[in-house]
Amino acid sequence: MQRRTSFESKGLKCSVTFYTPDQVASGERCPAIVMAHGIGLTKEMGLPQFAEKFAQAGFVVSLFDYRYLGASEGEPRGQMLPTEQHEDFRNAITWTQLQSEVDPERIGLWGFSYSGGHALHLAAFDLRVKAIVAQMPAVNAFLISRRVASPLQLEELTKMVLQDRIKRYQTGEVSYLPLVALPGELSFLATPDAFTWVESNKSASEGRWENRISFESIEHCLYYEPIPHLEAIFPTRYA
């Protein structure tokens with residue numbers, strides 16, 4: 001079973017699809033998984049099939065969109081700042097633990113790419129998180145950017161980010177770069193597989209996915225590095 005609803009995060013409504021197992025006894029409280037999408041995507045793109053499998057296995061699942069993305073509220077659209085997404089994730093955990101179907105002492109996180117990095121960060125600092133799955137997590141965006149982009153491409157992107165900082169300071173205007181593009185065209189995720197995957201999954205977002213990321217988001221992403229906090233997870237303090 002599933003229902004679409006929302007939770008509050010800093011005064012904005014974040015859209016969430018809430019999955020519950022079909023066979024749950026009255027009054028039973030189930031373990032829960034809180035899930036979120038990768039950078040620039042929406043919760044409908046490649047994630048519902050995971051959530052459905054988890055629900056079939058007896059988990060309650062909260063699958064949500066971060067603020068400024070998908071069906072969630074907030075302006076500017078296409079803004080993706082790590083600290084704000086951490087806060088949305090934490091508020092998703094809080095909302096989930098308050099649901100009558102959920103055992104608040106058994107909550108785990110699932111994330112991939114950018115959200116995988118967030119899951120690692122939150123597992124280190126949020127005592128409510130009892131388990132995580134980080135699928136292909138962004139653990140060191142600085143190094144990743146140097147592996148997927150040529151020095152010339154990275155230099156061009158860095159110049160654009162610096163120019164945008166001046167523009168934002170002077171005018172407050174938000175500017176964007178395409179998230180994905182055809183090979184040879186400038187984009188943030190400049191790999192053929194990223195373009196192909198998005199093209200094959202974007203229809204699931206029901207028109208809510210936008211092919212853009214703000215330059216401010218790129219500036220924050222390029223130096224996002226949750227990996228230094230792994231020692232706070234292993235060995236786990238929850239055992």
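These numbered points concern the fold, the nonpolar core and some backbone details of a predicted model.

1. Overall build. The protein is made up of seven helices and eight strands, and its C-alpha atoms fill a box of roughly 60 × 40 × 35 Å when taken along the principal axes. The radius of gyration is 18 Å, which agrees with the value near 18 Å that a compact globule of 239 residues would have.

2. Among the contacts with a separation of 6 or more, 71% are accounted for by residues 24 or more positions apart.

3. A parallel strand pair. Strand β5 (residues 102-112) and strand β6 (residues 129-135) run parallel and are joined by six bridges, with G111 standing opposite A134 in β6. The chain passes from β5 to β6 by way of helix α3 (residues 114-125), and this β-α-β crossover is right-handed.

4. The nonpolar core. In soluble globular proteins, nonpolar side chains tend to be buried together. The largest nonpolar core here has 58 residues, and those that touch the most other members are V34, M35, F64, F89, L109, F188 and I218. If residues up to four places away in sequence are not counted, I218 touches L157, V161, L177, F188 and I213.

5. L157 is found in helix α5 (residues 151-171), and its relative accessibility of 9% falls under the 20% cut-off, so L157 counts as buried. Leaving aside neighbours within four places in sequence, L157 is in contact with L177 and I218. The C-alpha atoms of L157 and F188 are separated by 8.5 Å, although these residues lie 31 residues apart along the chain.

6. Backbone details to inspect. Most residues other than glycine have a negative phi, and most peptide bonds are trans. The peptide bond from E75 to P76, however, is cis, with omega near 0°, and P76 lies in the loop between β4 (60-64) and α2 (82-97). K10, which is not a glycine, has a positive phi of about 55°; K10 sits in the loop between β1 (2-9) and β2 (12-19) and is exposed, with a relative accessible area of 62%. E206 likewise has a positive phi, near 55°, and is found in the loop between α6 (192-201) and β8 (213-214).

Technical notes: Residues are numbered from 1 along each chain as its sequence is written. This is a predicted model: local features need pLDDT of at least 70, side-chain atom pairs count only at pLDDT 80 or more; totals for chains, interfaces and linings use all residues. Side-chain values use heavy atoms; hydrogens and water are left out. Two strands pair if DSSP finds at least two bridges between them. Helices (H or I, at least four residues) and strands (E, at least two) are DSSP runs, numbered from the N terminus. A crossover is right-handed if, with the strands pointing away from the viewer, the path from the first strand over the helix to the second runs clockwise. A nonpolar core is a set of buried Ala, Val, Leu, Ile, Met, Phe, Trp, Tyr and Cys residues joined through side-chain atoms within 4.5 Å. Buried means under 20% relative accessible area, exposed over 50%, partly exposed in between (1.4 Å probe, protein chains only). Contact means heavy atoms within 4.5 Å. The radius of gyration is taken over C-alpha atoms; the globule rule is 2.2 Å times the number of residues to the power 0.38.
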